[in-house]
Amino acid sequence: MSDKEQMQNLIARRAAQELKGPCIVNLGIGIPTLVSKFIDDEKVFFHTENGLLGVADVEEDKMDPNLVNAGKLPVGESIGASFFNSAESFAMIRGGHIDVAILGVLQVDQSGEIANWAVPGKNIMGVGGAMDLLVGAKKVIVTMTHTNKEGKSKILRECTYPITSTRSVDMIITELAVFEVVEKQLKLIELMPGVSIEEVRGKTEANFIY
């Protein structure tokens with residue numbers, strides 16, 4: 001397993017610790033899709049906004065090209081899974097029926113607002129369900145790398161990319177630390193194994209308390 005894969009699994013495993021059933025969880029694209037690997041609670045039900053409740057992992061020889069998640073990745077269906085159209089799926093989100101949304105992001109600011117759908121000057125990746133999930137999900141967890149490919153902080157005083165919603169997320173999990181957002185302020189609640197507070201300070205542009 002590569003260093004990148006180990007880092008992504010570290011983040012996903014920590015996010016999985018936040019999930020206690022019974023709950024309905026929507027997993028975003030990227031690191032969030034790995035979270036299901038670390039869940040053995042049968043009362044945690046995974047939802048994808050393209051129309052499936054009861055998303056499960058699938059072995060390669062059993063993949064169905066017509067059965068994918070919102071990120072176009074092959075998925076399986078758990079016993080008792082339900083299929084529905086996109087309108088019904090988004091009605092679930094907007095109606096407050098998603099307990100937890102786990103999102104990947106490009107940037108997050110010190111008040112917990114995120115940017116995860118567009119990079120200025122580049123082709124728009126697509127909004128997807130993120131805007132709706134930020135409004136409708138009861139709890140929102142961000143899973144992300146602490147810095148970008150250039151080594152610059154992705155946890156900023158203010159996002160430089162278009163924000164996704166004015167609703168602040170509830171928790172941010174990176175390979176270095178775990179933050180909670182308390183009254184529009186970042187609070188460091190946990191350091192990842194082998195990480196020092198000095199390293200987190202040096203790689204975090206945003207202000208935070210601990």
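Strand S1 (residues 23–27) and S5 run parallel, with three bridges joining them; strands here are DSSP runs (E, at least two residues), and helices are runs of H or I with at least four residues, both numbered from the N terminus. Two strands count as paired if DSSP finds at least two bridges between them. In S5, Val100 is the bridge partner of Val25.

Before going on, a word on the source: this is a predicted model, where local features need pLDDT of at least 70 and side-chain atom pairs count only at pLDDT 80 or more, while totals for chains, interfaces and linings use all residues. Residues are numbered from 1 along each chain as its sequence is written, and side-chain values use heavy atoms, with hydrogens and water left out.

**The nine-stranded sheet**

- Nine strands make up an open sheet with mixed pairing, in the order S4-S3-S2-S1-S5-S8-S10-S11-S12.
- Its edges are S4 and strand S12 (185–191), each of which pairs on one side only.
- From one strand to the next, the twist averages 25°; axes are lines fitted to C-alpha atoms, for helices over the stretch in contact, and angles run from 0 to 180 degrees between N-to-C directions.
- Helix H1 (residues 3–16) packs on this sheet and touches S8, S10, strand S11 (177–182) and S12, where contact means heavy atoms within 4.5 Å.
- The direction of H1 makes about 150° with that of S10.

**Strand S3 and its neighbours**

- S3 (residues 52–56) is largely enclosed by the rest of the structure, because four of its five residues are buried; buried means under 20% relative accessible area, exposed over 50% and partly exposed in between (1.4 Å probe, protein chains only).
- On one side, S3 runs antiparallel to strand S2 (residues 44–48), with two bridges joining them, and Thr48 has Leu52 as its bridge partner.
- Three residues sit between the strands in the S2 and S3 hairpin, where Gly51 takes a positive phi near 120°.
- S3 also runs antiparallel to strand S4 (residues 76–83), this time over four bridges, with Ala56 standing opposite Gly76.

**Strand S8 and its neighbours**

- Strand S8 (residues 139–143) is mostly covered, with four of its five residues buried.
- Strand S5 (residues 100–103) runs parallel to S8 and is joined to it by four bridges; Ile102 has Ile141 as its bridge partner in S8.
- S8 and strand S10 (residues 171–173) run parallel too, joined by three bridges, and Val142 stands opposite Ile172.

**His47 up close**

- His47 lies in strand S2, and its 2% relative accessibility is why it counts as buried.
- Its side chain makes a polar contact of 3.0 Å with the side chain of Asn26 and another of 3.0 Å with that of Ser89.
- A polar contact is a pair of N or O atoms within 3.5 Å; within protein, one must be able to donate a hydrogen and the other to accept it, and residues adjacent in sequence count only if both atoms are side-chain atoms.
- Leaving out residues up to four places away in sequence, His47 touches a set of residues including Ile24, Leu27, Val55, Phe84, Met92 and Ile98.

**The three-stranded sheet**

- There's also an open sheet of three strands, ordered S7-S6-S9, with mixed pairing.
- Strand S7 (114–115) and strand S9 (155–156) are its edge strands, each pairing on one side only.
- Strand S6 (residues 107–109) pairs with S7 in the antiparallel sense over two bridges, and Val108 stands opposite Ile114 in S7.
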